[in-house]
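Work through the exercises below with the structure open beside the text.

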Amino acid sequence: MNDPTFRQIRYFVAVAREGQVSRAAKELNVSQSAVTTAIRQLEEIVGARLFDRFAGGMSLTYEGTIFQDHARRVLGALDEAVRAPNLRRSEIAGTLRLAMTYTVAGYYASPFLERFIRAFPRVELQMTETTRELIEDGLVSGRYDLALMLTSNIANQEGLVYETLLQSRRRLWVGAEHPLLEKPVVTLADVAQEPYVMLTVDEASNTAQRYWNHLRARPRITFRTASTEAVRSMVGAGMGVTILSDMVYRPWSLDGRRVDVVTLADPIPTMNVGLAWAANVEQSSATQAFCEFMHRG
């Protein structure tokens, strides 16, 4: 059996992220046929179907979801191998007090933190998960050196500097075979007719309220929860729909039910993830190293 190439793995990750071969090809600056061929070859090597194909694009199968987790680690290790020799020459040492919000800690940070710790063994990373309000206060007061957080949620911008690393689009989550999957155009007005499961953690409900305020309609909320996995399970079970970011999307609930996504016609703001720190405070070498590492990552 042939081994997968890094090119095939990169193409796979791009299609998994974009949900369409055409968008992945545009991002990779290659032809659609090259991406399609790479995915077909990869499925032959793995011996499993990695994507479900449908008119609007492609979504990961259960096997594809498992392969995606490993593929991301493979690409991360490759990137680290390329960067590590130069990074380690600096011999950077010290303590970095890093604060994170719940969503960032659970769905974004871990692969980066793992690689940073290996690349900078002399940096003591002290990590704290807390709320946006406490992070903002902690950065200004000097309790934290740096934060990985939802920069789109930052309220108190006085005394803080922040930059966005990732913009994650928000889409409608529905259960398999939901009628809205068949509609060529889906709007917030359509969503307002459905039972809605509202996520509350990391101010998700406040964010949702901002874009719903542009409509006379309101979501028909049947359940509020701080658990993303509870939302996923309820949507997969057909108990409601929701609008959440691609960063926290997974195509399967914990009990094995399918969750599909629909791109809405209405403009929905992205969920932005990035770094924040106190203005007019000189950053330590460890803090500077982490910021540079995240930019390269």
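**Exercise 1.** Determine how helix 6 and helix 11 cross in this predicted model, giving the hand of the crossing, the angle and axis separation, and the residues in contact.

*Solution.* The crossing of helix 6 with helix 11 is right-handed. Next, take the geometry: helix 6 spans residues 110-119 and helix 11 spans residues 285-296, and the two pack at an angle of about 130 degrees with their axes 11 Å apart. Angles over 145 degrees count as roughly antiparallel and 65 to 115 as roughly perpendicular, with the rest counted as oblique, and the two helices are therefore oblique to each other. Finally, inspect the contact, in which helix 6 contributes Phe112, Leu113, Arg115, Phe116 and Ala119, while helix 11 contributes Ala286, Ala289, Phe290, Phe293 and Met294. Sorted by class, this contact of helix 6 with helix 11 holds nine nonpolar residues, one charged residue and no polar ones.

**Exercise 2.** Describe how helix 1 packs against helix 3 and against helix 2, and identify a residue that helix 1 brings to both contacts.

*Solution.* Begin with helix 1 (residues 6-18) and helix 3 (residues 32-46), which pack at an angle of about 110 degrees with axes 9 Å apart. Since 65 to 115 degrees counts as roughly perpendicular, that angle makes helix 1 roughly perpendicular to helix 3. On the helix 1 side the contact is made by Arg7, Gln8, Tyr11, Phe12 and Val15, and on the helix 3 side by Ala34, Val35, Ala38, Ile39, Gln41, Leu42 and Ile45. The classes in this contact of helix 1 with helix 3 are nine nonpolar, two polar and one charged.

Turn next to helix 2 (residues 21-28), which packs with helix 1 at an angle of about 125 degrees, their axes being 8 Å apart. That angle makes helix 1 oblique to helix 2, and the crossing of this pair is right-handed. Here Tyr11, Ala14, Val15, Arg17 and Glu18 of helix 1 meet Arg23, Ala24, Glu27 and Leu28 of helix 2. By class, the contact of helix 1 with helix 2 has five nonpolar and four charged residues, with no polar ones.

**Exercise 3.** How many cavities of 30 Å³ or more does a search of the whole structure find, and which residues of the lining lie closest to the centre of the largest cavity?

*Solution.* The search finds one such cavity, and the volume of the largest cavity is about 200 Å³. It is lined by 21 residues, of which Arg170, Leu199, Ala204, Leu244 and Met271 are the closest to its centre. At least two lining residues each come from strand 8 (195-199), helix 9 (204-212) and strand 10 (242-245). The lining of the largest cavity divides into 13 nonpolar, six polar and two charged residues.

**Exercise 4.** Characterise the second largest pocket by its volume and its lining.

*Solution.* Its volume is about 160 Å³. The lining of the second largest pocket comprises 13 residues, with Arg97, Tyr144, Asp145, Val281 and Glu282 lying nearest the centre. Helix 7 (132-141) and strand 12 (271-278) each supply at least two residues of this lining. By class, the lining of the second largest pocket divides into six nonpolar, four polar and three charged residues.

Conventions:
Residues numbered from 1 in each chain as written. Predicted model: local features only at pLDDT ≥ 70, side-chain atom pairs only at ≥ 80, totals over all residues. Heavy atoms only, no water. 1 Å grid on protein atoms, 1.4 Å probe; cavity = no way out; pocket = protein on both sides within 12 Å on 5 of 7 lines; lining within 4 Å. Points joined across faces, edges and corners; volume = space filled by probe spheres on them. Helix = DSSP H or I, 4+ residues; strand = E, 2+ residues; numbered from the N terminus. Nonpolar A, V, L, I, M, F, W, Y, C, P; charged D, E, K, R; others polar. Axes fitted to C-alpha atoms, helices over the stretch in contact; angles between N-to-C directions. Parallel < 35°, antiparallel > 145°, perpendicular 65-115°, else oblique. Left-handed = near helix turned anticlockwise from the far one by under 90°. Contact = heavy atoms within 4.5 Å.
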